[in-house]
Amino acid sequence: MKETAAAENRPYHHGDLRRALIDAARRLLETEGPTALSLRAVAREAGVSPAAPYHHFKDKGELLDAVAHEGWDMLNALMTEARARQTSVRDKLTSLGVAYVRFARDNPALYRVMYDCSRDKDSLPEHVHAENDSAYCQVRDTLVEAGAAPMDEQELELATTAAWCAAHGLAEMFSFKQFDHLKDALGGDEAFLRGVFEHMGIFARTAPD
């Protein structure tokens, strides 16, 4: 009880309070899950007073939106890096898919919050489609590089959506035990992921190199 009272009376002295709160929220998400997340819990984890989060977030929903935005930024960076390491278009597409699934596997609670926040608003965040370095645009631009017609907007959007849904579906099913024998036979998780992506129709329609 004394510790709680002391925490409630503790003034915050953070150089970047917003950053500290988002980092604390991510730690709580991964260790205790979304149900344990509250502004009070995040304040305690960050070592600030319970009132401090309200300087940046009016409620838990705004904090979750900020956490989700950071998740998308992290995904963008990982997919950009994965794409840059490859030279052939086919390898770029496959590596984009692998990076997506690995992100979901390594950050399960954050990944869930990213989509939970989107479902609440019935759409993905605007920056996911609008910013040229976004994960979505990475896929779209690689498909154009592979030969998709950039002027045929509907066809390009369908192709990008197909690739995105393929990666999302595999991310959801990756841990299923039914795939263990394939992972063993192929030599591990990444070989399994590459094998699955290379058998998908969206990849077969692209240029071979």
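Two residues are in contact when heavy atoms of theirs lie within 4.5 Å. The structure is a predicted model, in which local features need pLDDT of at least 70 and side-chain atom pairs count only at pLDDT 80 or more, while totals for chains, interfaces and linings use all residues. Residues are numbered from 1 along each chain as its sequence is written, and side-chain values use heavy atoms, with hydrogens and water left out.

**Exercise 1.** Describe the secondary structure of the protein and state how much of the protein is buried.

*Solution.* Begin with the elements, which are DSSP runs numbered from the N terminus (helices are H or I with at least four residues, strands are E with at least two). The protein has 12 helices and zero strands. Next, take burial, where buried means under 20% relative accessible area, exposed means over 50% and partly exposed lies in between (1.4 Å probe, protein chains only). By this rule, 42% of the 209 residues count as buried.

**Exercise 2.** Find the residues that touch the most other members of the largest nonpolar core, and then list the contacts of tyrosine 100.

*Solution.* A nonpolar core is a set of buried Ala, Val, Leu, Ile, Met, Phe, Trp, Tyr and Cys residues joined through side-chain atoms within 4.5 Å. The largest such core has 62 residues, and those touching the most other members are Val42, Leu63, Leu75, Met79, Tyr100 and Val101. Among the helices that each supply at least two residues of this core are helix H4 (60-84), helix H5 (89-106) and helix H9 (153-173). Now set aside the neighbours of tyrosine 100 within four places in sequence; what remains in contact with tyrosine 100 is Leu75, Met79, Tyr111, Tyr115, Trp164, Ala167, His168 and Ala171.

**Exercise 3.** Classify the aromatic pair of tyrosine 100 and tryptophan 164 and locate both residues.

*Solution.* Rings of Phe, Tyr and Trp (its six-membered ring) pair if their centres lie within 6.5 Å; planes under 30 degrees apart count as stacked, over 60 as edge-to-face and the rest as tilted. The whole structure holds nine aromatic pairs. In the pair of tyrosine 100 and tryptophan 164, the centres are 5.4 Å apart and the planes 70 degrees apart, which is edge-to-face. Tyrosine 100 lies in helix H5 and tryptophan 164 in helix H9, 64 residues apart, and both are buried.

**Exercise 4.** Decide where confidence is lowest in the protein.

*Solution.* The scale is pLDDT, the predictor's confidence in each residue, from 0 to 100. Confidence is lowest in helix H1 (residues 2-9), with a mean of 43, and the pLDDT is below 50 over residues 1-12. Where pLDDT is low, the predicted coordinates should not be read in detail.
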